[in-house]
Amino acid sequence: MPHALVVDDDHDSAASLRELIAGEKFTVAVAHNLRDARRQIALQQPDILLLDLRLPDGNGMDLLADPKLVANSEVVLCTGHANLETSIQALRLGAADYLVKPVNLKQLQGVLSRIMKPAALQAEVQGLTANLDESGHFGHLWGRSAPMKRIYEQISRVAGTSVSVFITGESGTGKEVVAQTVHDLSRRRKRPFLAVNCGAISPNLIESEIFGHEKGSFTGAERQHQGFFERASGGTLFLDEITEMPLELQVKLLRVLETGRFMRVGSTTALETDVRIVAATNRLPYQAVASGKLREDLLYRLNIFPISLPPLRDRSADIPLLANHFLAAISEQEGTVRRFSPAALASLVDYGWPGNVRELRNVVQRAYVMAQGDTIDETWLPAATETGVTSGWGNLASLPEAAPPPRPVSIPAPPTRPAETAAAVADMPFITLPIGSSVAQAERALMLATLRHFNHHKERTAAVLGISLKTLYNRLKEYAAEGAAAVDGSSPPD
């Protein structure tokens, strides 16, 4: 049976904890001061150490100052005086989690169910780090550059804990991939990882989606619905684009983070939750606070452990590695192996990548589709002069002014062969748009013409246009609803 040690000078609190832990099939010892705690550890090394902060002969974290003493024990602070400063200090000293008195039974059960010796977690992380130069990746993340190695070090420090993580960075830098890696290296890895894009859910539905609702709580609520907090129980909930969450819902989220309790929409009964929160935004956090997009108190509660992802242009040494990784995955999926020419890789490195890793993946997919042989050259790759960095995170690149065209603009549809002579280019199909056409009209015309050109092959159409397959499906559904064209209305992939 696993062994627990409770260190608490409050005899009633210690006795209560002992009963609760024993009910989870643990053997339990109790100490009321640091001296007795050291004696109990010497007698039997605990698998988990529940440690009060304020003790008669010192601070509970004094035990953490001796790494050898608790090297094989998972340390959980159990205190009525927890705050942000205490959490950060405990994290630095090696605590895995903390519980606030009176102890939430569901959270305690979650902590006990996730016991994993610190040495085991450290060995796993050390293995990933040792193989980084050879494998080129750390968990789900790819790159060997110095900026990425700093990210890996941060993930290594925080993954084994249960503290909140706040990931910032430009769109497309891989914030969800970081969150998934944190989860997979944590004690919660066997429980769900759920990702929620707060900007993609209607403001009228987002509270119901996150917290759930009761049957009949609003029009259309025909049955009880479990929200993300219930479905992610014991695991990790990734809240992407947290600054797009309505402010009134941010208040409720803050309450859940502080109490570990929430209520479904239409219910008066509080439910307990044991979920780790990882949040992310592509906005500058304090600018989001200043502009009223993010509550300051919620930022402080989420920002216990910040991770700031670098844009792809700041780690250009990783571009060939990432491009070849994406190309290998596509080749395996499609069944035909292709490779980049040296000139193509150099072209990728020279480009500025305003869309970051997401844009690189889409470009590789498009280049694979359009390549005729086994080698991908520069024909279907973006040129360095096309770069236009518009994010508020980095330096802005100037976009060239376009002279107004004197006549309707003719847009060539993508050819089936990238290497065309001048005469062949003249024979390519065109679409013609009158001056004054809106961007939406131009996009629709080009998208439908490209789809027809490729005989309604959606995967190839999406690759050539440089968009995701889901985006193409969504646009076609919109056009069908508007009566713009007769298109396939099948559901997009997840």
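# Notebook: helix pairs and buried residues

**Entry 1: a helix crossing.** I began with two helices, and found that α16 passes α19 in a left-handed crossing. Before going on, a reminder to myself: this is a predicted model. I looked up where the two helices sit, and α16 covers residues 356-370 while α19 covers residues 458-465. Their axes are 7 Å apart, and the packing angle is about 120°. That angle makes α16 oblique to α19.

Next I asked myself which residues of α16 meet α19. On the α16 side I listed Q365, R366, V369 and M370. Facing them in α19 are R460, A463, V464 and L465. I sorted the residues of this contact by class and got five nonpolar, one polar and two charged.

**Entry 2: N356.** Is N356 buried or exposed? Its relative accessibility is 0%, so I put N356 down as buried. Then I looked at what surrounds this residue. Leaving out residues up to four places away in sequence, N356 touches E170, S171, G172, T173, P311 and L312. I also looked up G174, which is 182 residues from N356 in sequence. In space, the C-alpha atoms of N356 and G174 are 8.6 Å apart.

**Entry 3: another helix pair.** I moved on to α14 (residues 319-334) and α15 (residues 342-350). These two pack at an angle of about 120°, and their axes are 9 Å apart. The pair is therefore oblique. How is the crossing of α14 and α15 handed, left or right? I noted it as right-handed. From α14, the contact takes in I319, P320, A323 and N324. From α15, L345, L348 and V349 join in. By class, I wrote down six nonpolar residues, one polar and no charged ones for α14 with α15.

**Entry 4: D8.** Now for a loop. D8 lies between β1 (3-7) and α1 (11-22). I looked up its relative accessible area, which is 1%, so D8 goes in my buried column. What does D8 touch, not counting residues up to four places away in sequence? My list reads S13, A14, A31, H32, D52, L55 and K101.

**Entry 5: E214.** One more loop residue: E214 is found between α9 (206-211) and α10 (228-231). Its relative accessibility is 19%. Buried means under 20%, so E214 still counts as buried. I set aside its neighbours within four places in sequence and found E214 in contact with A221, R223, Q224, R264, V265, G266 and S267. I then checked R264 separately. E214 and R264 are 50 residues apart in sequence, and their C-alpha atoms are 6.5 Å apart in space.

**Entry 6: the whole protein.** I finished by zooming out. I counted 20 helices and 20 strands in the protein. Of its 494 residues, 45% count as buried. I also looked at contacts between residues at least 6 apart in sequence, and 68% of these join residues at least 24 apart. Last, the surface: the protein exposes about 24,500 Å², and carbon and sulfur atoms supply 50% of that.

Technical notes
Residues numbered from 1 in each chain as written. Predicted model: local features only at pLDDT ≥ 70, side-chain atom pairs only at ≥ 80, totals over all residues. Heavy atoms only, no water. Axes fitted to C-alpha atoms, helices over the stretch in contact; angles between N-to-C directions. Helix = DSSP H or I, 4+ residues; strand = E, 2+ residues; numbered from the N terminus. Parallel < 35°, antiparallel > 145°, perpendicular 65-115°, else oblique. Left-handed = near helix turned anticlockwise from the far one by under 90°. Contact = heavy atoms within 4.5 Å. Nonpolar A, V, L, I, M, F, W, Y, C, P; charged D, E, K, R; others polar. Buried < 20%, exposed > 50% of the residue type's maximum accessible area, 1.4 Å probe, protein only. Areas by Shrake-Rupley, 256 points an atom, 1.4 Å probe, with all protein chains shown as cover.
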